[in-house]
Amino acid sequence: MRRRAMTPAGIRRRAGAGTTHARHLIAGLLALVTAMTVTACTTGDDRPAVVVTTNILGDVTREIVGDQADVTVLMKPNADPHSFGLSAVQAAELEQADLVVHNGLGLEENVQRHVDAARAAGVATFAAGEAADPLTFHTADDGGPEGEEGQPDPHFWTDPDRMRKVTGLIADQVVEHVKGVDPGTIRANAERYAEELTDLTTWMEKSFGGVPEDRRALVTNHHVFGYLADRFGFEVIGAVVPSGTTLASPSSSDLRSLTEAMERAGVRTVFADSSQPRRLADVLRTETGGGVRVIALHSESLTAEGAGADTYLRMMRSNTTAMVTGLTGG
């Protein structure tokens, strides 16, 4: 069969049809992109946002906020709050938040400047530690970090009563600064969680009650349990790192003074944070000639989900059980 030659008019008609089809296709794609953009804005970008620096406070804040707002936690599981830093994206999230919840009192040493920048940009910020009736470090002779006398201790969460107080204060901040949340729901969430914290305190009191008076002395890898000791009647006789931060390092004289204090108190157990290398505590065990147990605690960071301390409540119960076992020799 012979093909008929296309005339100039036919060429123009075919070209016109193709152009019309392409225009319809482009218009359809543009409409689809527009619809997707609108959907993304209405379902994600318009939701109120709370950003929390540490994962311990992040867990508590999520309990309070529930599904009323997006809660972003900057600190990853098993991280060290003294040394973790932010990416550029995370720093930007701080300045776009409705509310920033942070520990304060010098805990997040590499993050504080970003929190300050967010505050300067008009973002509401809440320093939980500063509102928790903070204790202060004492002199080395009194069992506290040398060189930090009178400085506030940031580790308030080791006292569940203080965390219960902070729970109510976070709820106040959310209601005041995060637009679009239901105040009644936020208050109800906070009250429910406060009851769980009350139960935690009661359980910890009963658990620690089984530790004899002559074994209620604590040695840790750095000074982190001052609030727990104050609340439940323990004595912190020293730390491997004589500071409230993991970024400090002990001298040989620090280790010698600590081993002497341990010998006087009859302490044979050192508690080390599981997120930190245990090398320093192991060195101390060597200094004492062996016979010292090193027990890991989750004192400053939650674990990944399912790893035993992935919520504040589970972390506190896990630590309490480990401490009682370590101090009683069970």
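Me: What separates E196 and R192 in helix 6 (residues 183-208)?
Reply: E196 and R192 are four residues apart in helix 6, so about one helical turn lies between them. Helices (H or I, at least four residues) and strands (E, at least two) are DSSP runs, numbered from the N terminus. This is a predicted model, where local features need pLDDT of at least 70 and side-chain atom pairs count only at pLDDT 80 or more, while totals for chains, interfaces and linings use all residues. Residues are numbered from 1 along each chain as its sequence is written, and side-chain values use heavy atoms, with hydrogens and water left out.

Me: Why do E196 and R192 count as a salt bridge?
Reply: The term asks for a side-chain nitrogen of Lys or Arg within 4 Å of a carboxyl oxygen of Asp or Glu. In E196 and R192 the closest N and O atoms are 2.8 Å apart, so the pair meets that limit.

Me: How many salt bridges does this rule give?
Reply: The count comes to eleven salt bridges. One of them joins R164 and D161, with the closest N and O atoms 3.0 Å apart. R164 and D161 both lie in helix 5, three residues apart, about one turn of the helix. There is also a network: D161, R164, E205 and R231 are linked by salt bridges.

Me: Which parts of the chain does the salt bridge between D133 and K165 link?
Reply: First the distance: the closest N and O atoms of D133 and K165 are 3.2 Å apart. D133 sits in the loop between strand 4 (124-127) and helix 5 (160-177), whereas K165 is in helix 5, so distant parts of the chain are linked, 32 residues apart.

Me: Why is D133 called partly exposed?
Reply: The relative accessible area decides (buried is under 20%, exposed is over 50%, partly exposed is in between, with a 1.4 Å probe and protein chains only). D133 has 47%, so D133 is partly exposed. K165, with 36%, is partly exposed too.

Me: What makes the pair of F208 and F232 tilted?
Reply: Rings of Phe, Tyr and Trp (its six-membered ring) pair if their centres lie within 6.5 Å; planes under 30 degrees apart are stacked, over 60 edge-to-face, and the rest tilted. F208 and F232 are 5.3 Å centre to centre with 55° between the planes, so they pair, and the pair is tilted. F208 lies in helix 6 and F232 in helix 7 (residues 226-232), so the pair ties together parts that are 24 residues apart in sequence. Both F208 and F232 are buried.

Me: Why is the pair of F208 and F234 called edge-to-face?
Reply: F208 and F234 are 5.0 Å centre to centre, and their planes are 75° apart, so the angle falls in the edge-to-face class. F208, F232 and F234 form one aromatic cluster.

Me: What is the handedness of the crossing of helix 3 and helix 4?
Reply: It is right-handed. A crossing has that name if the near helix is turned clockwise from the far one by less than a right angle, and is left-handed if anticlockwise. The axes of helix 3 (residues 88-96) and helix 4 (residues 112-120) come within 8 Å and cross at roughly 35°. Axes are lines fitted to C-alpha atoms, for helices over the stretch in contact, and angles run from 0 to 180 degrees between N-to-C directions.

Me: Which residues make the contact of helix 3 and helix 4?
Reply: They are A91, L94 and E95 of helix 3 and H114, V115, A117 and A118 of helix 4, contact being heavy atoms within 4.5 Å.
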